[in-house]
Amino acid sequence: MLRSRKLLLTGIALFVPALAAGLFFGQKHLLEEGPAYPPKVMKHANELQERILSFDSHINVPIDYGTPGFEADKDSGTQFDLPKAARGRLSGAALTVFAWPELWNGPNAPHHPTPAFLPEAQKEQETRYRIITGIARDFPNQAAIAYTPEDFKRLAGEGKFAIVISMLNAYPLGNDINRLDHWAARGMRIFGFSYVANNDWADSSRPMPFYNDTPDALGGLSDIGRQAVGRLNELGVVIDVSQMSRKAVEEVTRLTRAPVIASHSAVRGLVDIDRNLSDQELKAIKDTGGVVQVVAFPTYLKPLTQKTRERLNELRAQHGLQPLENLNQALMPADPVIAIWPEQKFGEYAGALYGILEEEPKATLRDYVDAIDYTVKKVGIDHVGISSDFNDGGGVIGWDNAGEARNLTAELITRGYSDQDIAKLWGGNFLRVWGEVQRLGTVATHP
(Lines give C-alpha, C1' and ligand atoms only; values in the text may rest on other atoms or scores of the structure.)
Protein backbone atom coordinates (compact mmCIF):
# COMPACT_ATOMS: atom_id res chain seq x y z
CA MET A 1 0.00 0.00 0.00
CA LEU A 2 1.07 3.54 -0.55
CA ARG A 3 2.60 5.69 2.14
CA SER A 4 2.28 8.97 0.34
CA ARG A 5 0.79 10.83 -2.56
CA LYS A 6 4.26 11.52 -3.87
CA LEU A 7 4.98 7.82 -4.17
CA LEU A 8 3.01 8.34 -7.35
CA LEU A 9 5.71 10.83 -8.29
CA THR A 10 3.47 13.53 -9.66
CA GLY A 11 0.69 13.63 -7.12
CA ILE A 12 -1.60 11.61 -9.37
CA ALA A 13 -2.43 9.37 -6.42
CA LEU A 14 -5.14 11.91 -5.82
CA PHE A 15 -6.84 10.44 -8.86
CA VAL A 16 -6.59 6.82 -7.72
CA PRO A 17 -8.97 6.23 -4.81
CA ALA A 18 -8.19 2.55 -4.48
CA LEU A 19 -4.51 3.27 -4.06
CA ALA A 20 -4.92 6.37 -1.93
CA ALA A 21 -6.92 4.34 0.57
CA GLY A 22 -3.64 2.89 1.74
CA LEU A 23 -2.06 6.30 2.28
CA PHE A 24 0.96 6.32 4.58
CA PHE A 25 0.52 2.78 5.91
CA GLY A 26 3.91 1.22 5.23
CA GLN A 27 4.59 -2.37 4.43
CA LYS A 28 5.42 -3.16 8.05
CA HIS A 29 6.23 -6.77 7.30
CA LEU A 30 9.32 -5.52 5.48
CA LEU A 31 10.82 -4.44 8.80
CA GLU A 32 11.56 -8.07 9.59
CA GLU A 33 12.77 -8.85 6.07
CA GLY A 34 15.72 -6.47 5.91
CA PRO A 35 19.35 -7.59 5.72
CA ALA A 36 20.73 -9.65 8.59
CA TYR A 37 24.14 -8.46 9.75
CA PRO A 38 26.57 -10.34 11.99
CA PRO A 39 26.29 -9.43 15.70
CA LYS A 40 29.75 -7.83 15.60
CA VAL A 41 28.70 -5.52 12.77
CA MET A 42 25.43 -4.58 14.47
CA LYS A 43 27.24 -3.88 17.74
CA HIS A 44 29.62 -1.58 15.87
CA ALA A 45 26.69 0.09 14.06
CA ASN A 46 24.76 0.60 17.30
CA GLU A 47 27.74 2.13 19.06
CA LEU A 48 28.57 4.38 16.11
CA GLN A 49 24.99 5.54 15.70
CA GLU A 50 25.03 6.64 19.34
CA ARG A 51 28.13 8.78 18.78
CA ILE A 52 27.69 10.48 15.42
CA LEU A 53 25.46 13.32 14.26
CA SER A 54 23.03 11.83 11.76
CA PHE A 55 20.97 13.97 9.39
CA ASP A 56 18.34 13.00 6.82
CA SER A 57 18.06 15.82 4.28
CA HIS A 58 14.55 15.19 2.97
CA ILE A 59 11.49 13.98 4.88
CA ASN A 60 7.93 15.03 4.10
CA VAL A 61 5.15 15.66 6.60
CA PRO A 62 1.74 14.66 5.24
CA ILE A 63 -1.11 17.16 5.34
CA ASP A 64 -2.85 15.00 7.95
CA TYR A 65 0.27 14.62 10.11
CA GLY A 66 -0.68 14.96 13.75
CA THR A 67 -4.14 13.47 13.35
CA PRO A 68 -5.04 10.12 14.98
CA GLY A 69 -2.79 7.42 13.57
CA PHE A 70 -0.21 9.90 12.32
CA GLU A 71 0.94 11.55 15.55
CA ALA A 72 4.47 12.97 15.81
CA ASP A 73 4.96 11.70 19.37
CA LYS A 74 3.75 8.13 18.78
CA ASP A 75 5.10 5.18 16.83
CA SER A 76 2.47 5.77 14.18
CA GLY A 77 1.52 4.91 10.61
CA THR A 78 4.14 7.11 8.98
CA GLN A 79 7.77 6.39 8.23
CA PHE A 80 8.93 9.27 10.40
CA ASP A 81 7.88 10.21 13.92
CA LEU A 82 9.80 11.10 17.06
CA PRO A 83 9.80 7.57 18.56
CA LYS A 84 11.16 6.11 15.32
CA ALA A 85 13.82 8.83 15.12
CA ALA A 86 14.86 8.05 18.70
CA ARG A 87 14.96 4.31 18.01
CA GLY A 88 17.19 4.86 14.98
CA ARG A 89 19.24 7.52 16.77
CA LEU A 90 18.54 9.99 13.97
CA SER A 91 19.81 13.35 15.23
CA GLY A 92 17.73 15.51 12.92
CA ALA A 93 16.20 15.97 9.50
CA ALA A 94 15.08 18.52 6.96
CA LEU A 95 11.28 18.55 7.15
CA THR A 96 9.87 20.02 3.99
CA VAL A 97 7.41 22.85 3.47
CA PHE A 98 6.14 21.30 0.28
CA ALA A 99 3.32 22.16 -2.10
CA TRP A 100 2.19 20.29 -5.18
CA PRO A 101 3.00 21.78 -8.56
CA GLU A 102 0.22 23.13 -10.73
CA LEU A 103 -2.13 20.47 -9.41
CA TRP A 104 -5.66 20.95 -8.15
CA ASN A 105 -6.19 19.16 -4.87
CA GLY A 106 -9.98 19.37 -5.06
CA PRO A 107 -12.57 16.70 -5.84
CA ASN A 108 -12.50 17.08 -9.63
CA ALA A 109 -8.87 16.14 -10.24
CA PRO A 110 -7.30 15.67 -12.64
CA HIS A 111 -7.87 18.80 -14.62
CA HIS A 112 -5.77 21.39 -16.35
CA PRO A 113 -4.40 24.43 -14.47
CA THR A 114 -6.72 27.16 -13.29
CA PRO A 115 -6.10 30.41 -11.37
CA ALA A 116 -7.10 28.54 -8.20
CA PHE A 117 -3.91 26.47 -8.29
CA LEU A 118 -1.72 29.20 -6.79
CA PRO A 119 -3.76 29.97 -3.65
CA GLU A 120 -4.32 26.24 -3.14
CA ALA A 121 -0.56 25.64 -3.23
CA GLN A 122 0.06 28.55 -0.85
CA LYS A 123 -2.49 27.11 1.55
CA GLU A 124 -0.70 23.79 1.43
CA GLN A 125 2.62 25.51 2.18
CA GLU A 126 1.17 27.18 5.24
CA THR A 127 -0.39 23.95 6.46
CA ARG A 128 2.89 22.08 6.32
CA TYR A 129 4.75 24.95 7.97
CA ARG A 130 2.29 24.90 10.86
CA ILE A 131 2.70 21.14 11.18
CA ILE A 132 6.50 21.32 11.23
CA THR A 133 6.76 24.20 13.69
CA GLY A 134 3.99 22.58 15.74
CA ILE A 135 6.17 19.52 16.38
CA ALA A 136 8.73 21.71 18.12
CA ARG A 137 6.05 23.71 19.93
CA ASP A 138 4.04 20.74 21.18
CA PHE A 139 6.95 18.47 22.14
CA PRO A 140 9.68 20.84 23.39
CA ASN A 141 11.44 18.13 25.38
CA GLN A 142 11.81 15.97 22.27
CA ALA A 143 12.31 18.34 19.32
CA ALA A 144 13.27 21.88 18.38
CA ILE A 145 14.02 23.96 15.28
CA ALA A 146 17.69 24.26 14.29
CA TYR A 147 18.45 27.60 12.62
CA THR A 148 22.22 27.09 12.44
CA PRO A 149 24.64 24.16 12.43
CA GLU A 150 25.54 25.13 15.99
CA ASP A 151 21.87 24.80 16.96
CA PHE A 152 21.80 21.36 15.37
CA LYS A 153 24.81 20.17 17.34
CA ARG A 154 23.54 21.66 20.60
CA LEU A 155 20.10 20.08 20.23
CA ALA A 156 21.62 16.70 19.44
CA GLY A 157 23.73 17.01 22.58
CA GLU A 158 20.56 17.72 24.56
CA GLY A 159 18.92 14.60 23.19
CA LYS A 160 16.41 16.57 21.11
CA PHE A 161 15.51 15.94 17.49
CA ALA A 162 16.79 18.87 15.40
CA ILE A 163 14.31 20.06 12.75
CA VAL A 164 15.75 21.92 9.77
CA ILE A 165 13.03 23.69 7.77
CA SER A 166 13.35 23.22 4.02
CA MET A 167 11.16 24.30 1.13
CA LEU A 168 10.52 22.49 -2.12
CA ASN A 169 9.01 24.12 -5.22
CA ALA A 170 9.06 27.84 -6.03
CA TYR A 171 5.64 27.70 -7.69
CA PRO A 172 3.62 28.86 -4.64
CA LEU A 173 5.84 31.95 -4.35
CA GLY A 174 4.42 33.32 -7.60
CA ASN A 175 6.76 35.94 -9.05
CA ASP A 176 7.65 37.60 -5.76
CA ILE A 177 11.32 37.17 -4.89
CA ASN A 178 10.71 38.94 -1.59
CA ARG A 179 8.95 35.79 -0.43
CA LEU A 180 12.42 34.28 0.00
CA ASP A 181 13.18 36.87 2.70
CA HIS A 182 9.80 36.17 4.29
CA TRP A 183 10.43 32.44 4.49
CA ALA A 184 14.04 32.80 5.61
CA ALA A 185 12.83 34.98 8.47
CA ARG A 186 10.41 32.17 9.39
CA GLY A 187 13.25 29.67 9.60
CA MET A 188 13.65 28.22 6.09
CA ARG A 189 17.24 27.05 5.72
CA ILE A 190 17.11 24.95 2.51
CA PHE A 191 15.35 26.01 -0.70
CA GLY A 192 14.62 23.80 -3.70
CA PHE A 193 13.38 25.48 -6.88
CA SER A 194 11.63 22.58 -8.58
CA TYR A 195 9.32 19.64 -8.33
CA VAL A 196 7.33 17.93 -11.10
CA ALA A 197 6.43 20.44 -13.83
CA ASN A 198 8.23 23.62 -14.79
CA ASN A 199 7.49 26.79 -12.87
CA ASP A 200 8.23 30.48 -13.45
CA TRP A 201 11.60 30.22 -11.70
CA ALA A 202 13.21 27.10 -13.15
CA ASP A 203 12.78 24.14 -15.46
CA SER A 204 12.05 20.79 -13.87
CA SER A 205 13.78 17.52 -14.66
CA ARG A 206 10.23 16.16 -15.08
CA PRO A 207 8.18 18.55 -17.23
CA MET A 208 4.51 17.59 -17.28
CA PRO A 209 2.82 17.45 -20.72
CA PHE A 210 -0.60 17.46 -19.06
CA TYR A 211 0.21 21.01 -17.94
CA ASN A 212 1.45 21.84 -21.46
CA ASP A 213 5.06 21.73 -20.30
CA THR A 214 7.96 21.19 -22.68
CA PRO A 215 11.52 20.24 -21.74
CA ASP A 216 13.88 23.17 -21.11
CA ALA A 217 11.16 25.76 -21.64
CA LEU A 218 13.26 28.41 -19.87
CA GLY A 219 16.62 27.04 -20.88
CA GLY A 220 17.40 26.57 -17.19
CA LEU A 221 16.47 29.51 -14.98
CA SER A 222 14.26 32.53 -15.62
CA ASP A 223 15.30 36.06 -14.67
CA ILE A 224 13.67 35.68 -11.26
CA GLY A 225 15.35 32.32 -10.85
CA ARG A 226 18.76 33.85 -11.51
CA GLN A 227 18.01 36.67 -9.07
CA ALA A 228 16.95 34.07 -6.51
CA VAL A 229 20.35 32.36 -6.58
CA GLY A 230 22.03 35.59 -5.51
CA ARG A 231 19.41 36.40 -2.90
CA LEU A 232 19.56 32.93 -1.36
CA ASN A 233 23.35 33.29 -1.13
CA GLU A 234 22.87 36.61 0.68
CA LEU A 235 20.31 35.10 3.03
CA GLY A 236 22.57 32.21 3.92
CA VAL A 237 19.99 29.69 2.73
CA VAL A 238 21.28 26.42 1.25
CA ILE A 239 20.27 26.04 -2.40
CA ASP A 240 18.87 22.62 -3.32
CA VAL A 241 19.18 21.56 -6.98
CA SER A 242 17.26 18.27 -6.73
CA GLN A 243 14.43 17.96 -9.25
CA MET A 244 15.88 20.67 -11.53
CA SER A 245 16.62 20.16 -15.22
CA ARG A 246 20.22 19.60 -16.28
CA LYS A 247 20.47 23.12 -17.71
CA ALA A 248 19.01 24.59 -14.52
CA VAL A 249 21.52 22.68 -12.37
CA GLU A 250 24.34 23.92 -14.58
CA GLU A 251 23.13 27.50 -14.30
CA VAL A 252 22.70 27.42 -10.52
CA THR A 253 26.14 25.90 -9.97
CA ARG A 254 27.68 28.51 -12.25
CA LEU A 255 25.99 31.49 -10.56
CA THR A 256 26.18 30.54 -6.89
CA ARG A 257 28.81 32.00 -4.58
CA ALA A 258 28.20 29.32 -1.95
CA PRO A 259 28.07 25.52 -1.93
CA VAL A 260 24.83 23.88 -3.04
CA ILE A 261 23.27 20.51 -2.31
CA ALA A 262 21.01 18.05 -4.05
CA SER A 263 18.81 17.18 -1.07
CA HIS A 264 17.26 14.02 -2.52
CA SER A 265 18.74 12.73 -5.78
CA ALA A 266 20.11 9.48 -7.15
CA VAL A 267 22.49 8.88 -10.05
CA ARG A 268 21.94 8.49 -13.77
CA GLY A 269 24.90 6.16 -14.04
CA LEU A 270 22.78 3.44 -12.40
CA VAL A 271 19.27 4.38 -13.58
CA ASP A 272 19.12 6.52 -16.72
CA ILE A 273 16.30 8.96 -16.01
CA ASP A 274 16.35 12.73 -16.15
CA ARG A 275 15.32 12.93 -12.48
CA ASN A 276 18.69 11.40 -11.55
CA LEU A 277 21.97 13.31 -11.70
CA SER A 278 24.50 12.77 -14.47
CA ASP A 279 28.20 12.50 -13.74
CA GLN A 280 28.60 16.05 -15.03
CA GLU A 281 25.96 17.32 -12.60
CA LEU A 282 27.62 15.45 -9.74
CA LYS A 283 30.89 17.17 -10.56
CA ALA A 284 29.23 20.59 -10.88
CA ILE A 285 27.78 20.23 -7.37
CA LYS A 286 31.14 19.08 -6.02
CA ASP A 287 32.88 22.03 -7.65
CA THR A 288 30.76 24.44 -5.58
CA GLY A 289 31.97 22.64 -2.47
CA GLY A 290 28.53 21.07 -2.14
CA VAL A 291 27.01 17.71 -1.29
CA VAL A 292 24.89 15.17 -3.17
CA GLN A 293 22.42 13.70 -0.66
CA VAL A 294 21.71 10.30 -2.22
CA VAL A 295 18.02 9.40 -1.94
CA ALA A 296 16.53 6.04 -1.01
CA PHE A 297 13.76 6.20 -3.62
CA PRO A 298 13.27 2.67 -5.00
CA THR A 299 12.61 3.31 -8.69
CA TYR A 300 15.57 5.72 -8.88
CA LEU A 301 17.97 3.05 -7.60
CA LYS A 302 17.44 0.09 -9.91
CA PRO A 303 15.95 -0.30 -13.41
CA LEU A 304 12.45 -1.69 -13.80
CA THR A 305 12.09 -5.41 -14.29
CA GLN A 306 11.26 -6.79 -17.73
CA LYS A 307 7.86 -7.91 -16.44
CA THR A 308 6.97 -4.37 -15.38
CA ARG A 309 8.15 -2.95 -18.70
CA GLU A 310 6.00 -5.45 -20.57
CA ARG A 311 2.95 -4.51 -18.51
CA LEU A 312 3.61 -0.83 -19.11
CA ASN A 313 3.89 -1.41 -22.84
CA GLU A 314 0.55 -3.24 -22.82
CA LEU A 315 -0.98 -0.26 -21.03
CA ARG A 316 0.59 2.15 -23.51
CA ALA A 317 -0.78 0.17 -26.45
CA GLN A 318 -4.26 0.36 -24.92
CA HIS A 319 -3.94 4.16 -24.85
CA GLY A 320 -2.50 4.53 -28.34
CA LEU A 321 1.10 5.12 -27.25
CA GLN A 322 4.22 3.65 -28.82
CA PRO A 323 6.36 1.19 -26.82
CA LEU A 324 8.60 2.69 -24.16
CA GLU A 325 11.53 4.64 -25.53
CA ASN A 326 13.07 5.45 -22.15
CA LEU A 327 12.51 5.12 -18.41
CA ASN A 328 11.21 8.69 -18.13
CA GLN A 329 8.09 7.54 -19.95
CA ALA A 330 7.86 4.53 -17.64
CA LEU A 331 7.92 6.44 -14.35
CA MET A 332 5.43 9.21 -15.15
CA PRO A 333 3.02 10.30 -17.91
CA ALA A 334 5.75 12.00 -19.94
CA ASP A 335 4.74 11.57 -23.61
CA PRO A 336 4.22 14.93 -25.39
CA VAL A 337 0.91 13.77 -26.90
CA ILE A 338 -0.62 13.78 -23.41
CA ALA A 339 -0.86 17.57 -23.77
CA ILE A 340 -3.96 17.08 -25.93
CA TRP A 341 -5.55 14.22 -24.02
CA PRO A 342 -8.92 14.70 -22.32
CA GLU A 343 -8.67 14.86 -18.55
CA GLN A 344 -10.52 11.58 -18.05
CA LYS A 345 -8.15 9.69 -20.35
CA PHE A 346 -5.16 11.15 -18.57
CA GLY A 347 -6.52 10.19 -15.16
CA GLU A 348 -7.23 6.62 -16.27
CA TYR A 349 -3.77 6.23 -17.78
CA ALA A 350 -1.94 7.77 -14.82
CA GLY A 351 -3.84 5.65 -12.32
CA ALA A 352 -3.10 2.44 -14.20
CA LEU A 353 0.55 3.37 -14.73
CA TYR A 354 1.20 4.02 -11.05
CA GLY A 355 -0.74 0.91 -10.09
CA ILE A 356 1.71 -1.14 -12.15
CA LEU A 357 4.72 0.64 -10.66
CA GLU A 358 3.46 -0.05 -7.16
CA GLU A 359 3.83 -3.79 -7.86
CA GLU A 360 7.47 -3.45 -8.97
CA PRO A 361 9.80 -5.37 -6.61
CA LYS A 362 11.15 -2.93 -4.05
CA ALA A 363 14.78 -1.84 -4.00
CA THR A 364 16.89 -3.00 -1.07
CA LEU A 365 19.31 -1.29 1.27
CA ARG A 366 22.13 -2.82 -0.75
CA ASP A 367 20.76 -1.19 -3.92
CA TYR A 368 20.72 2.10 -2.06
CA VAL A 369 24.31 1.84 -0.84
CA ASP A 370 25.36 0.89 -4.37
CA ALA A 371 24.21 4.40 -5.32
CA ILE A 372 26.20 5.88 -2.43
CA ASP A 373 29.25 3.89 -3.56
CA TYR A 374 28.86 5.19 -7.10
CA THR A 375 28.57 8.81 -5.97
CA VAL A 376 31.56 8.52 -3.64
CA LYS A 377 33.57 7.03 -6.50
CA LYS A 378 32.68 9.97 -8.75
CA VAL A 379 33.01 12.95 -6.38
CA GLY A 380 34.69 11.75 -3.19
CA ILE A 381 33.58 11.03 0.35
CA ASP A 382 33.45 14.74 1.32
CA HIS A 383 30.64 15.48 -1.14
CA VAL A 384 28.08 12.75 -0.42
CA GLY A 385 25.26 12.56 2.10
CA ILE A 386 22.09 10.66 2.98
CA SER A 387 18.38 11.25 2.41
CA SER A 388 15.35 9.00 2.68
CA ASP A 389 12.39 10.83 1.10
CA PHE A 390 10.29 9.18 3.82
CA ASN A 391 6.55 9.83 3.60
CA ASP A 392 7.17 10.88 -0.01
CA GLY A 393 7.66 7.45 -1.58
CA GLY A 394 11.16 6.81 -0.27
CA GLY A 395 12.35 3.85 1.73
CA VAL A 396 13.95 0.55 0.77
CA ILE A 397 13.87 -2.94 2.23
CA GLY A 398 16.08 -2.68 5.29
CA TRP A 399 15.71 1.09 5.70
CA ASP A 400 12.00 1.66 5.40
CA ASN A 401 11.49 4.08 8.29
CA ALA A 402 13.54 6.33 10.56
CA GLY A 403 13.78 3.60 13.20
CA GLU A 404 15.94 1.46 10.90
CA ALA A 405 18.80 3.94 10.49
CA ARG A 406 21.19 1.55 12.23
CA ASN A 407 20.79 -0.91 9.35
CA LEU A 408 22.14 1.69 6.95
CA THR A 409 25.13 2.26 9.21
CA ALA A 410 25.70 -1.51 9.34
CA GLU A 411 25.61 -1.77 5.54
CA LEU A 412 28.14 1.05 5.25
CA ILE A 413 30.40 -0.76 7.71
CA THR A 414 30.23 -3.95 5.64
CA ARG A 415 31.24 -1.95 2.55
CA GLY A 416 34.44 -0.89 4.28
CA TYR A 417 33.61 2.71 5.15
CA SER A 418 35.50 3.97 8.18
CA ASP A 419 33.75 5.48 11.20
CA GLN A 420 34.99 8.90 10.07
CA ASP A 421 33.60 8.41 6.57
CA ILE A 422 30.24 7.21 7.90
CA ALA A 423 30.04 10.29 10.13
CA LYS A 424 30.65 12.46 7.05
CA LEU A 425 27.93 10.70 5.06
CA TRP A 426 25.39 10.79 7.89
CA GLY A 427 25.64 14.51 8.57
CA GLY A 428 29.15 15.87 8.74
CA ASN A 429 29.30 16.87 5.09
CA PHE A 430 25.95 18.63 5.15
CA LEU A 431 26.73 20.48 8.38
CA ARG A 432 30.01 21.69 6.86
CA VAL A 433 28.20 22.99 3.78
CA TRP A 434 25.46 24.61 5.84
CA GLY A 435 28.05 26.41 7.95
CA GLU A 436 29.87 27.68 4.88
CA VAL A 437 26.63 28.91 3.28
CA GLN A 438 25.75 30.84 6.42
CA ARG A 439 29.28 32.22 6.75
CA LEU A 440 29.05 33.65 3.22
CA GLY A 441 25.57 35.10 3.78
CA THR A 442 25.26 38.82 4.47
CA VAL A 443 21.72 39.02 5.86
CA ALA A 444 20.71 38.04 9.38
CA THR A 445 17.75 35.67 9.12
CA HIS A 446 17.42 34.18 12.59
CA PRO A 447 13.75 34.35 13.71
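This note walks through the predicted model, point by point.

1. **The largest pocket.** Start with the largest pocket, whose volume is about 530 Å³. In total, 30 residues line this pocket. Closest to its centre are Ser205, Arg206, Pro207, Pro215 and Asp274. Find these five on the structure before you look at the rest of the lining.

2. **Who supplies the lining.** Which elements give two or more residues to the lining of the largest pocket? They are helix H8 (246–255) and helix H12 (327–331). H12 gives the largest share, with four residues. Both domains take part: domain 1 (39–302 + 363–440) and domain 2 (312–361) each contribute at least three residues to the lining.

3. Sort the lining residues of the largest pocket by type. Nonpolar residues number 14. Polar residues number eight, and charged residues also number eight.

4. **Helix H13.** This helix covers residues 343–358, which is 16 residues. Check its length with the rule of 1.5 Å a residue. Now look at burial. The buried residues of H13 are Phe346, Gly347, Tyr349, Ala350, Gly351, Leu353, Tyr354, Gly355, Ile356 and Leu357.

5. **Aromatic pairs.** How many aromatic pairs does the structure hold? The count is 16. Take Phe297 and Tyr300 as an example of a stacked pair. Their ring centres are 4.3 Å apart. Their planes meet at 20°, and planes under 30 degrees apart count as stacked, so this pair is stacked. Are the two residues buried or exposed? Phe297 is buried because its relative accessibility is 2%. Tyr300 has a relative accessible area of 3%, so Tyr300 is buried as well. For both, the cut-off for buried is under 20%.

6. Trp341 and Tyr349 are both buried. Tyr349 belongs to the buried set of H13. Elsewhere, ring pairs join Phe55, Phe152, Phe430 and Trp434 into a cluster.

7. **His319.** This residue sits in the loop between helix H11 (306–318) and H12. His319 has a relative accessible area of 14%, so it counts as buried. Compare its position with that of Glu348. Along the sequence, His319 and Glu348 are 29 residues apart. In space, their C-alpha atoms are 9.5 Å apart.

8. **Two positive phi angles.** Most residues other than glycine have a negative phi. Two residues deserve a look on this count. Arg89 has a phi near 55°, a positive value in a residue that is not glycine. Arg89 lies in the loop between helix H3 (82–88) and strand S2 (92–98). Its relative accessible area is 36%, so Arg89 is partly exposed. Asn212 is not a glycine either, yet its phi is positive, at about 70°. Asn212 is in the loop between strand S5 (188–192) and helix H7 (223–235). At 62% relative accessibility, Asn212 counts as exposed, because the cut-off is over 50%.

9. **Tyr195.** The loop between S5 and H7 also holds Tyr195. Buried or exposed? Tyr195 is buried, because its relative accessibility is 0%. Tyr195 and Pro207 are 12 residues apart in sequence. Their C-alpha atoms are 9.0 Å apart in space.

10. **Val249.** Where is Val249 found? Its place is in helix H8. H8 is one of the elements that give two or more residues to the lining of the largest pocket. Val249 itself is buried because its relative accessibility is 1%. Val249 and Val260 are 11 residues apart along the chain, and their C-alpha atoms are separated by 10.0 Å.

Terms used
Residues are numbered from 1 along each chain as its sequence is written. This is a predicted model: local features need pLDDT of at least 70, side-chain atom pairs count only at pLDDT 80 or more; totals for chains, interfaces and linings use all residues. Side-chain values use heavy atoms; hydrogens and water are left out. On a 1 Å grid over the protein atoms alone, a cavity is a set of points where a 1.4 Å probe fits but cannot get out, and a pocket is an open set with protein on both sides within 12 Å along at least five of seven lines; lining residues have an atom within 4 Å of a point. Grid points are joined across faces, edges and corners, and a volume is the space filled by probe spheres set on the points. Ala, Val, Leu, Ile, Met, Phe, Trp, Tyr, Cys and Pro count as nonpolar, Asp, Glu, Lys and Arg as charged, and the others, Gly among them, as polar. Domain bounds come from an automatic or database domain assignment. The expected span of a helix is 1.5 Å times one less than its number of residues. Buried means under 20% relative accessible area, exposed over 50%, partly exposed in between (1.4 Å probe, protein chains only). Rings of Phe, Tyr and Trp (its six-membered ring) pair if their centres lie within 6.5 Å; planes under 30 degrees apart count as stacked, over 60 as edge-to-face and the rest as tilted.
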